[in-house]
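Here is a short tour to follow in your viewer, one selection at a time.

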Amino acid sequence: MSIRIDTVVTRGGDAGQTSLGDGQRVSKSSARIEAMGCLDELNAVVGLLQTQTKAGCVVRQELQQVQNLLFDMGADLCQPDGPKTEKARRVTGQVVVHLERWIEQLRQKQAPLTSFVLPGGSVAAAWAHLARTQVRTTERRVVALAQQETVNPELLKILNRLSDYFFVLARHFNADGQDDILWTPG
């Protein structure tokens with residue numbers, strides 16, 4: 001797939017509307033655009049998290065793959081079901097398998113939890129927790145959209161796994177849980 005962007009300023013959205021992948025014009029406040037915007041915000045957080053990793057490390061490579069996945073998910077959402085998009089490229093459930101493998105690889109090194117974990121610890125862990133919460137925001141927006149329109153069901157599965165991934169990644173950045181900040185009730 002080749003993409004060429006010759007201009008950034010188009011003025012096409014000046015009246016509060018934008019175009020979907022099928023050419024349809026919709027309000028920037030629509031549920032679909034809100035879900036896509038949340039994916040974009042999540043991608044920015046993942047970019048910040050990536051700055052806390054060392055070049056060449058496995059986690060940095062995984063985060064790069066996550067960023068590309070988030071773009072793929074946005075492209076999927078940008079193509080509502082219809083005659084103009086029946087050949088649209090959709091994200092598949094194979095992604096879930098990869099995420100589950102990453103989660104298990106990280107989790108195996110971590111001590112079992114004895115309490116809820118508070119966001120924080122190292123800077124990288126705090127960013128991973130922020131990514132986790134942004135995934136949950138995105139998930140809620142995609143669920144809201146799915147209640148109104150058809151959405152690829154794989155997207156919700158992927159978002160659910162991404163939240164798990166960022167949770168175990170936060171623990172990884174906190175010395176595999178040793179430096180986690182645990183909730184102390186009361």
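Does Arg 107 count as buried, partly exposed or exposed, and at what relative accessibility? Select Arg 107 to begin: at 40% relative accessibility, this residue counts as partly exposed. Please keep in mind throughout that this is a predicted model.

Arg 107 and Glu 104 form a salt bridge, with their closest N and O atoms 2.5 Å apart. The two residues are three positions apart in helix 3, so about one helical turn separates them. Glu 104 is partly exposed as well, with a relative accessible area of 31%.

**Zoom out**

Show the whole protein chain. You will find five helices and four strands, running β-β-α-α-α-β-α-α-β from the N terminus. The C-alpha trace spans about 50 × 35 × 30 Å along its principal axes. Of the 186 residues, 39% count as buried. Among contacts with a separation of 6 or more, 72% are between residues 24 or more positions apart.

Colour by charge next. There are 21 positive and 20 negative charges, and their mean positions are 2 Å apart.

**Arg 32 and Glu 149**

Select this pair: their side chains meet in a salt bridge at 2.8 Å, N to O. The bridge links distant parts of the chain, since Arg 32 belongs to helix 1 (residues 31–50) and Glu 149 to the loop between helix 4 and helix 5 (153–173), 117 residues apart. Arg 32 counts as buried at 3% relative accessibility, whereas Glu 149 is partly exposed at 34%.

**Asp 76 and Arg 90**

In this salt bridge the closest N and O atoms are 3.0 Å apart. Asp 76 sits in helix 2 (residues 58–77), and Arg 90 is 14 residues away in the loop between helix 2 and helix 3 (94–107). Asp 76 is buried, with a relative accessible area of 2%, while Arg 90 is partly exposed at 26%.

**Glu 139**

Move to helix 4 (residues 123–146), where Glu 139 lies. What does Glu 139 contact, leaving aside its neighbours within four places in sequence? Select Leu 156, Leu 159 and Asn 160 to see these contacts. Glu 139 is buried, with a relative accessible area of 16%.

**Last stop: the surface**

Val 8 is in the segment before strand 1 (17–19) and is exposed, with a relative accessible area of 75%. The protein chain as a whole exposes about 10900 Å², with carbon and sulfur atoms supplying 53% of it.

Note on methods
Residues numbered from 1 in each chain as written. Predicted model: local features only at pLDDT ≥ 70, side-chain atom pairs only at ≥ 80, totals over all residues. Heavy atoms only, no water. Buried < 20%, exposed > 50% of the residue type's maximum accessible area, 1.4 Å probe, protein only. Contact = heavy atoms within 4.5 Å. Areas by Shrake-Rupley, 256 points an atom, 1.4 Å probe, with all protein chains shown as cover. Lys, Arg positive; Asp, Glu negative; His and termini not counted. Charge placed at Lys NZ, Arg CZ, Asp CG, Glu CD. Salt bridge = Lys/Arg side-chain N within 4 Å of Asp/Glu carboxyl O.
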